[in-house]
Amino acid sequence: MENFIETSVAALKQQIGDEKVVCGLSGGVDSAVTAALVSKAIGARLTCIFVDTGLMRKGEMESVQSVFTENFQTDLRIVDAEARFLDALAGITDPQQKRKIIGKLFIDIFSEEAAKVNGAKFLAQGTIYPDIVESGGTPDKPASTIKFHHNVGGLPDDLEFDLVEPLRLLYKEDVRQVGRDLGLPESLTGRHPFPGPGLAVRCLGEVTKEKLDKLREADAILTEEIRSAGLYDSISQAMAVCLPVQSVGVRDGERCYENAVAIRCIKTSDFMTAKSVRLPWEVLDKIAERILDEVPGFNRVVYDVSPKPPATIEWE
Ligand code: XMP
């Protein structure tokens, strides 16, 4: 991949010339590697925009911030948009409507912020080869809206940027390797995929700040425990899901009526089919014990053993 980096940096320098580029960071691998590569080619003429939707995992914004200000010195702009997303999602329970609202708002906010980058000519996107294939495209045709479409609902017609897509011929594993070779931390290059609408599709029913905060804590515990058991890299995706179910429990001698949280760990090669991972019982025990001790509002933990199909990987 060293060769890829050299060739790609040279091509980017030629394509971009003296112009400015904007790039949206999502916290995921593809956008991070794209930004790192473009930054290697044009340095501070790259502006990265991270829209903090409030639907991210614990520590996600901080880890992006430290990598892109310390390692890469890009012009990083973080937009705190939590309140706007929560307002827009209030009272919404239908999963597809949630996706639509999040997608549209994300594009609006990203466009507002990108318009503030004076004179930017290019938009760098983390489109990778499977995104092109899934969208019925071909390698020699500009991917245009593919990545944004896949994640958040399509770029508006009046966002007039030329696209830069340096990863468009790579598979995910190659993208991870390019990231490692560029010096990105393993916590970023090796991370599990995370859906564009974020924790909103893991908060069943209405999305509220209270549910998101609980979910963030449970998700962080799950990640910590599978990492410390040495299982993170052998699992394709791990998640906690806040269920719209309350059940009776006993806490400190008092009857309580709290939410249930589902844990799901799957193994897959293509995300089209998946199997539930047989986590060792002691790891499951530890995860449940910690969530019940450390996250007020959850009094029951269940493990999802459903394969895909018929269950999807996400619950919504
Ligand atoms: P499902 O739930 O369809 O998930 O079995 C397959 C893979 O796609 C991810 N996923 C999404 N990714 N926006 C995304 O960017 C979405 O709306 C979305 N829905 C599901 C899911 O996390 C899994 O990796």
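This is a predicted model: local features need pLDDT of at least 70, side-chain atom pairs count only at pLDDT 80 or more; totals for chains, interfaces and linings use all residues.

Biologist: What should I have in mind when I look for a disulfide?

Modeller: The general idea: a disulfide is a covalent bond between the sulfur atoms of two cysteines. The cut-off used here is 2.5 Å between the sulfurs. A search of the whole structure turns up zero disulfides. Cys23 is in none, with the sulfur of Cys48 the nearest at 5.0 Å.

Biologist: And is Cys23 buried or exposed? How about Cys48, buried or exposed?

Modeller: Cys23 is buried, at 1% relative accessible area. Cys48 is buried too, at 0%.

Biologist: Next, how do I read a nonpolar core?

Modeller: In soluble globular proteins, nonpolar side chains tend to be buried together. In this model, the largest nonpolar core has 46 residues, and Phe85 and Ile291 have the most contacts inside it. Among the elements giving two or more residues to this core are strand 2 (46–52), helix 4 (82–89), strand 6 (237–251) and helix 11 (281–294). Helix 5 gives the most, seven residues. Another core lies apart from it, with 37 residues, including Val33, Ala41, Leu76 and Val178.

Biologist: Which residues is Ile291 in contact with, leaving aside neighbours within four places in sequence?

Modeller: With those set aside, Ile291 touches Ala218, Ile221, Val261, Ile263, Phe298 and Val301.

Biologist: Could you take me through a helix pair as well?

Modeller: Look at distance, angle and handedness, then at who makes the contact. The axes of helix 1 (residues 2–16) and helix 2 (residues 29–42) come within 9 Å and cross at roughly 65 degrees. The crossing is right-handed. Helix 1 brings Phe4, Ile5, Ser8, Val9, Leu12, Lys13 and Ile16 to the contact, while helix 2 brings Leu37, Val38, Lys40, Ala41 and Ile42. By class, that contact has nine nonpolar, one polar and two charged residues.

Biologist: Let's finish with a single residue. Where is Val21 placed?

Modeller: Val21 sits in strand 1 (residues 20–25) and is buried, with a relative accessible area of 0%. Setting aside neighbours within four places in sequence, its contacts include Ile16, Val38 and Ile42, along with Phe122 and Ala124. For a sequence-versus-space check, Val21 and Phe68 are 47 residues apart in sequence and 15 Å apart in space, C-alpha to C-alpha.

Definitions and conventions
Residues are numbered from 1 along each chain as its sequence is written. Side-chain values use heavy atoms; hydrogens and water are left out. Axes are lines fitted to C-alpha atoms, for helices over the stretch in contact, and angles run from 0 to 180 degrees between N-to-C directions. Helices (H or I, at least four residues) and strands (E, at least two) are DSSP runs, numbered from the N terminus. A crossing is left-handed if the near helix is turned anticlockwise from the far one by less than a right angle, and right-handed if clockwise. Contact means heavy atoms within 4.5 Å. Ala, Val, Leu, Ile, Met, Phe, Trp, Tyr, Cys and Pro count as nonpolar, Asp, Glu, Lys and Arg as charged, and the others, Gly among them, as polar. A nonpolar core is a set of buried Ala, Val, Leu, Ile, Met, Phe, Trp, Tyr and Cys residues joined through side-chain atoms within 4.5 Å. Buried means under 20% relative accessible area, exposed over 50%, partly exposed in between (1.4 Å probe, protein chains only).
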